[in-house]
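Here are my notes for you, written as numbered points. Keep the model open while you read, and look up each residue as it comes along.

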Amino acid sequence: MTAIWIVAIVAALVVGWVLGSRRTPEDPHGEPLAHLARELGQGSIRQDRAGDPSAIADIRRALHAHWTPRNETRQEALDQALGRIAAFVEESVQKPLEAARGGDAALMNEAIGRALGGIVDLEFFLRDPITPDETHNLTPLLQKVTREFIEDWEVGVRFVAQQFPVRAHIHRDTFMDAVYLLLNNAAQFGGEGGTVEVRVEEKDGRAVVEILDKGPGFSDEALERARDLFYTTRESALGLGIPFARKIVEGFGGNLELENRAEGGARVRLLLPPA
């Protein structure tokens, strides 16, 4: 019996020694990843760090080239916003008032009207959209805002309704505001003398409104950034039209999509919640 216990003890010692000698190899990525995480948290990334594995070094170089610290991103966005607002105020408020100096009453009234219009436009973009209140037939609303836009800008607009009625749960006035902004954007970028087309239909249980133009379409950058506040390629424009329209539509529980048409031109599609 004693011999059996001795053998068992020796066997246990041998097994323990073997298991203890099989140490888990050290992870070569653990410490470099932890160091990179600390740098990210501090808002500064070194391009190279001695001893990093090749995969970590590749990630570090990619981050260094394309990553922007949050504070810098915020400052850049703030600078862009202030620049756009300053340019808009200069063009829409300051210049008309300066032109009115020394002018006759008619010229002064016109200049003051333009300046006040610029202030109203700025206030319009700064307010929060109203949430949907009831179900509306979109067809007469689109016809109304289309007529108003034509009268204001003398731009040709073709209206196509696939069926009648087309209903959605929206807020009437802010919906018309969104469509007006998108019509204006299509007219500005749709090319000289181009006709804008508005379509409305019900598809898969949802109301669909499309605004199409025959211009050059969205650039790759515009498709990526058109929803960004204060992004625009037009001088003295605020760059708030599409972002504000998107905010309105999403407030209804819908979506706004941008794309280029195969036959040329741009398409803006509003997908609205069902009635």
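Predicted model: local features only at pLDDT ≥ 70, side-chain atom pairs only at ≥ 80, totals over all residues.

1. Let's begin with salt bridges, meaning a side-chain nitrogen of Lys or Arg within 4 Å of a carboxyl oxygen of Asp or Glu. By that rule the count comes to 15. Residues are numbered from 1 along each chain as its sequence is written, and side-chain values use heavy atoms, with hydrogens and water left out.

2. As for cover, buried means under 20% relative accessible area, exposed means over 50%, and partly exposed is in between (1.4 Å probe, protein chains only). K144 is partly exposed at 31%, and E148 is partly exposed too, at 30%.

3. Now try R199 and E197, where the closest N and O atoms are 2.5 Å apart. R199 counts as partly exposed, at 28% relative accessibility, while E197 is buried, at 14%.

4. R269 and E210 form another salt bridge, with 2.9 Å between the closest N and O atoms. R269 sits in strand β7 (residues 266-272) and E210 in strand β5 (residues 206-212), so this pair ties together parts that are 59 residues apart in sequence. Both partners are under cover: R269 is buried at 17%, and E210 is buried at 9%.

5. Which residues join up in a network of salt bridges? The members are R158, E197, R199, E210, E257, E259, R267 and R269.

6. Time to zoom out. The protein chain has nine helices and seven strands; these are DSSP runs numbered from the N terminus, with helices being H or I of at least four residues and strands being E of at least two. Of its 275 residues, 34% are buried. Contact here means heavy atoms within 4.5 Å. Among the contacts with a separation of 6 or more, 66% are between residues 24 or more positions apart.

7. Next, the nonpolar core, defined as a set of buried Ala, Val, Leu, Ile, Met, Phe, Trp, Tyr and Cys residues joined through side-chain atoms within 4.5 Å. The largest has 47 residues, and L138, F175, V209, L270 and L272 are those with the most contacts inside it. Helix α7 gives the most to this core, with eight residues. Click on L272 to see who it touches: leaving out residues up to four places away in sequence, its contacts include L138, F175, V209, V249 and F252.

8. The rings of F149 and Y180 have centres 5.3 Å apart and planes at 80 degrees, so they are edge-to-face. F149 belongs to helix α6 (residues 138-153) and Y180 to helix α7 (residues 172-189), so the pair ties together parts 31 residues apart in sequence. F149 is buried at 0%, whereas Y180 is partly exposed at 22%.

9. Have a look at V166, in the loop between β2 (157-161) and β3 (167-170). Is V166 buried or exposed? V166 is buried, with a relative accessible area of 0%. Beyond its neighbours within four places in sequence, V166 is in contact with H136, N137, L138, T139, V200, E201, E202 and A207.

10. Last stop: helix α9 (residues 241-251), whose buried residues are I242, P243, F244, A245, I248 and V249. Their cover includes α5, α7, β6 (255-260) and β7. Just after α9, G253 takes a positive phi of about 90 degrees.

Technical notes:
Phe/Tyr/Trp six-rings, centres within 6.5 Å; stacked < 30°, edge-to-face > 60°.
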